[in-house]
Amino acid sequence: MNNYMSIRFKSVSENEALARNCIASFVSPLEPTMEDMADIRTSISEAVTNCIVHGYDGKIGMVEMSAYTEGKKLTIKITDRGCGIHNIDKARQPLYTSKPETERSGMGFTIMESFMDSVKIISKEGKGTTVIMTKNIRENTEVSDAG
Amino acid sequence: MNSDVNISGTSLVYKIKGELDDHMAVKSRERIDDILLRREIKNIIFDFTELTMMDSAGIGLIIGRYRIIKDRGGEVLLVIGNSPAKKILRMSGLMKIFKAYDNLDAALTAVEHRVYG
């Protein structure tokens, strides 16, 4: 079945869990493996954190998240209307962070790229950033011990 | 808060349950650093055995605490077990920097041997 969803939420760190749980519920009919589910949750966390910490830089804005499934393929789109990324190639580099004075590891995009099948970044300075990630959900051969 | 603090000798055992994201990392950092200010802690053992998810904020949390602890001549140990966090810890290279254990007893034994051995 093909499906679609979309939500908007305030750019506060409490909502990272909301975003993760929302997509987890949305994708659950595809019966992802535990590993795929963890990969998706982690990647959403990275993308939403970027919106909050970098896009809006602590100021309050709205984060928009939509997702759709086509067969076993999941696509997630996460958008902020914040400051945008000056240099996308640099932002994608492992260990690069625009906030070295904080405890940011600079691994956000690297993690998204390793955990998802594709990651596309569209950004305009002063306008905001959109991250589009896709993942093909693998066949789940794990034996359920839920009962 | 979904975390437990235990102090064993000069080691702080910090156990996080559930998900370690930016929100949880900030709270954990405040809690740990407050203890580090008040107590003579040399080592930090992060118990991730009941962690279901970790993102890059967790990496920042670990490295940040390591910077404080190394000045005290101590070390940071990771107890991972079967946590899904293993993947991100391995990917980020942290498994090469820090010693990882399957259970808390093994980590505590390693720390005690280092101190008294």
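The model is predicted: local features need pLDDT of at least 70, side-chain atom pairs count only at pLDDT 80 or more, and totals for chains, interfaces and linings use all residues. Residues are numbered from 1 along each chain as its sequence is written, and chains are lettered from A in the order in which they are written.

Biologist: How are H1(B) and H2(B) oriented to each other, roughly parallel or roughly antiparallel?

Modeller: The axes of H1 (residues 22-38) and H2 (residues 56-70) of chain B come within 9 Å and cross at roughly 15°; axes are lines fitted to C-alpha atoms, for helices over the stretch in contact, with angles from 0 to 180 degrees between N-to-C directions. Angles under 35 degrees count as roughly parallel. The crossing angle therefore makes H1(B) and H2(B) roughly parallel.

Biologist: Is B:Glu40 buried or exposed?

Modeller: B:Glu40 sits in the loop between H1 and strand S4 (43-47) of chain B. A residue is buried if 20 or more other C-beta atoms, placed from the backbone, lie within 10 Å of its own, exposed if 12 or fewer, and partly exposed in between. Because B:Glu40 has 9 C-beta neighbours inside 10 Å, this residue counts as exposed.

Biologist: Which helix gives the most to the side of chain A that touches chain B?

Modeller: Good one! In contact (C-beta atoms, placed from the backbone, within 7 Å) are 18 residues of chain A and 17 residues of chain B. Helices H1 (15-27), H2 (34-55) and H4 (108-115) of chain A each give two or more residues to that side. With seven residues, the one that gives the most is H2(A).

Conventions. Helix = DSSP H or I, 4+ residues; strand = E, 2+ residues; numbered from the N terminus. Parallel < 35°, antiparallel > 145°, perpendicular 65-115°, else oblique. Contact = placed C-beta atoms within 7 Å.
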